[in-house]
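Let's take a walk through a protein model together. Keep the picture open beside you and find each spot as we come to it.

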Amino acid sequence: MSVVTFISHDGEKHETPLEEGVSLMQVAVDNMVPGIDGDCGGEAACGTCHVVVEDGWIDQVGRSGPVEEEMLAMNPEREANSRLSCQMRLSDSLDGLVVRLPEFQL
Amino acid sequence: MTEGRALVVGASHAGVQVAAGLRQQGWSGEVVVVGDEPALPYHRPPLSKAYLAGTSSLQDLALRKAEFYAKHDIRLVQSTVTQVDRAAQEVGLNDGTTMGYTHLALCTGGRVRTLDVSGIDMPGVFYLRTFADVESIRASAASGSHAVIVGGGYVGLETAASLRALGLDVTVLEAAERVLERVTAPEVSAFYERVHRDAGVVIRTGAQVSAMAGDERVREVVLRGGERIPADLVVVGVGLVPNTELAAEAGLHVENGIVIDDLARTSDPRIVAAGDCASHRMARYDRLVRLESVPSAGEQAKTAAATLCGKERPIAALPWFWSDQYDLKLQIAGLNVGYDELVVRGDPSRDRDFTCYYLQQGRLLAADCVNRPRDFLKAKLLISQGERVDRAELEAAVAS
């Protein structure tokens with residue numbers, strides 16, 4: 001089974017099944033990963049599904065697009081590998097993906 | 001404390017969030033969610049936006065996938081609750097049976113406000129609230145060429161943009177003197193009228209509908225004064241009526257919505273409510289506010305779930321809203337009720353991005369941000385802080 005791992009701000013790990021074709025935000029919400037709200041349902045409108053992609057993965061995942069970038073720009077916890085997880089479509093090639101969660105969502 | 005059966009009435013954003021929140025807060029008893037729609041609970045905002053325009057799929061629409069409910073032992077029941085008996089702690093269902101509860105959450109949402117004119121029940125005339133409504137509109141749009149939208153609020157304008165994207169001719173009829181009159185400043189209304197006209201939509205303000213006319217289906221919308229506008233389909237979006245009857249009949253305090261406190265408790269502290277059906281006294285705005293907002297529904301629902309679990313998590317998040325039309329992403333932070341000063345950044349008469357700030361006695365109340373996510377996030381912060389801002393400060397703070 002393919003998995004993705006969310007690491008909360010205090011270091012707790014949540015491993016969830018990877019579901020091909022759905023967004024990383026949806027996987028987090030479906031598995032009740034604390035710290036991912038996804039208020040707007042995946043329209044890149046709220047900025048409450050911010051994750052930081054672990055270093056080895058960013059090239060495969062890709063960096064944020066222009067709309068996403070605008071939403072991330074004002075975020076105090078923003079890092080170079082920040083993404084909105086609603087804009088990340090999962091595929092089996094991302095098996096083993098690790099993302100970290102910020103302390104606060106906006 | 002967390003034994004028993006938590007019964008959630010309503011299976012949309014608030015209801016599902018209450019159920020999820022109960023499990024997240026460690027509720028170990030039963031969780032039952034009763035909803036009257038056949039589909040798996042779904043996101044409503046995309047209905048008039050990406051889903052109508054055909055750019056998002058049914059799979060994207062589900063709030064949670066089917067397995068979620070099984071995995072977290074949340075029972076979804078398709079039925080309609082017809083009565084709440086507080087003394088017996090049970091609800092009546094429309095099949096005549098009853099269902100007991102130890103804890104109750106009312107997330108009954110709202111229904112469309114109907115238009116009381118002749119011919120309104122004619123085939124080809126639609127309201128837009130449910131998945132089923134949008135399926136019917138899409139089917140009708142596939143064969144029609146001229147759509148008339150009654151109501152120039154957010155739902156009406158989003159529907160206009162989506163139907164335009166599907167290639168239809170679109171006319172929007174607004175009874176007031178400008179679109180979005182109830183919710184935004186004149187500058188923002190003028191902006192949306194301009195962009196819709198630029199996109200080929202006919203916007204008619206001060207247009208009162210007196211009847212729908214046709215034969216086996218609608219053919220024309222008749223205006224007061226007699227003018228007839230050709231229509232292959234009509235979508236009516238003239239607002240929402242909160243579903244408060246259950247609560248009122250059960251003797252709960254209702255004032256526009258079911259009145260809740262900061263812990264989402266109704267006037268019976270053993271019953272919580274959340275979402276479009278709830279009126280919450282917001283200290284920030286010093287008034288009772290009933291919000292039609294997914295983020296607020298979620299916030300209230302998280303609080304309601306915590307309260308049912310015996311925890312205190314006051315409703316705190318700032319209300320916000322969004323609307324997608326064409327290439328325009330509008331994000332609204334806060335509520336602009338009672339503003340006494342307007343600061344506009346950018347030129348809404350020309351640009352496709354600007355921010356309209358609403359101030360009251362020097363403090364930021366709300367901001368309408370079009371294609372300016374940075375301003376939106378900054379405004380959320382400034383409104384939450386509640387400090388005085390002056391124009392220069394505001395302009396410096398949002399420089400990007």
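Does B:Gln89 count as buried, exposed or partly exposed? At 24% relative accessibility, B:Gln89 counts as partly exposed. Before we go on, keep in mind that this is a predicted model. You'll find B:Gln89 in the loop of chain B between strand S4 (81-85) and strand S5 (90-93). Its backbone is worth a look, too: B:Gln89 has a positive phi of about 50°, although it is not a glycine. Most residues other than glycine have a negative phi.

B:Asp73 has a positive phi as well, of about 55°, and B:Asp73 is not a glycine either. This residue sits in a loop of chain B, between helix H4 (66-71) and strand S3 (74-78). With a relative accessible area of 53%, B:Asp73 is exposed.

Now let's head inside. B:Leu106 belongs to strand S7 (residues 103-106) of chain B. What does B:Leu106 touch, if you skip residues up to four places away in sequence? Its contacts include B:Val9, B:Val84, B:Leu252, B:Ile258 and B:Cys277. B:Asp368 is another story: 262 residues separate it from B:Leu106 in sequence, and the two C-alpha atoms are 31 Å apart in space.

Step past the strand and you come to B:Thr108, in the loop between S7 and strand S8 (110-112) of chain B. B:Thr108 counts as buried, at 18% relative accessibility, because the cut-off for buried is under 20%. Leaving out residues up to four places away in sequence, B:Thr108 touches B:Val9, B:Asn243, B:Leu246, B:Ile258 and B:Cys277. Have a look at B:Thr244 while you're here: it is 136 residues from B:Thr108 along the chain, yet their C-alpha atoms are separated by 7.3 Å.

What about the cysteines? A search of the whole structure turns up 0 disulfides over all chains. Take A:Cys46, which is in no disulfide: the nearest cysteine sulfur belongs to A:Cys40 and is 3.8 Å away. A disulfide needs the two sulfur atoms within 2.5 Å. A:Cys46 is also buried, with a relative accessible area of 2%.

Let's finish with helices. Two packed helices are described by the angle between their axes and the distance between the axes. In chain B, helix H1 (residues 13-24) and helix H9 (residues 294-308) cross at roughly 35°, and their axes come within 8 Å. The crossing of H1(B) and H9(B) is right-handed. Their contact has 9 nonpolar, 4 polar and 1 charged residues.

The other pair joins two chains: helix H3 (residues 66-73) of chain A packs against helix H10 (residues 373-385) of chain B. Here the axes are 7 Å apart, at an angle of about 25°. H3(A) and H10(B) are therefore roughly parallel to each other, and their crossing is right-handed. A:Glu70, A:Met71 and A:Ala73 from H3(A) meet B:Pro373, B:Arg374 and B:Leu377 from H10(B). By class, that contact of H3(A) with H10(B) has 4 nonpolar, no polar and 2 charged residues.

Notes:
Residues numbered from 1 in each chain as written. Chains lettered and ligands numbered in written order. Predicted model: local features only at pLDDT ≥ 70, side-chain atom pairs only at ≥ 80, totals over all residues. Heavy atoms only, no water. Buried < 20%, exposed > 50% of the residue type's maximum accessible area, 1.4 Å probe, protein only. Axes fitted to C-alpha atoms, helices over the stretch in contact; angles between N-to-C directions. Helix = DSSP H or I, 4+ residues; strand = E, 2+ residues; numbered from the N terminus. Parallel < 35°, antiparallel > 145°, perpendicular 65-115°, else oblique. Left-handed = near helix turned anticlockwise from the far one by under 90°. Contact = heavy atoms within 4.5 Å. Nonpolar A, V, L, I, M, F, W, Y, C, P; charged D, E, K, R; others polar.
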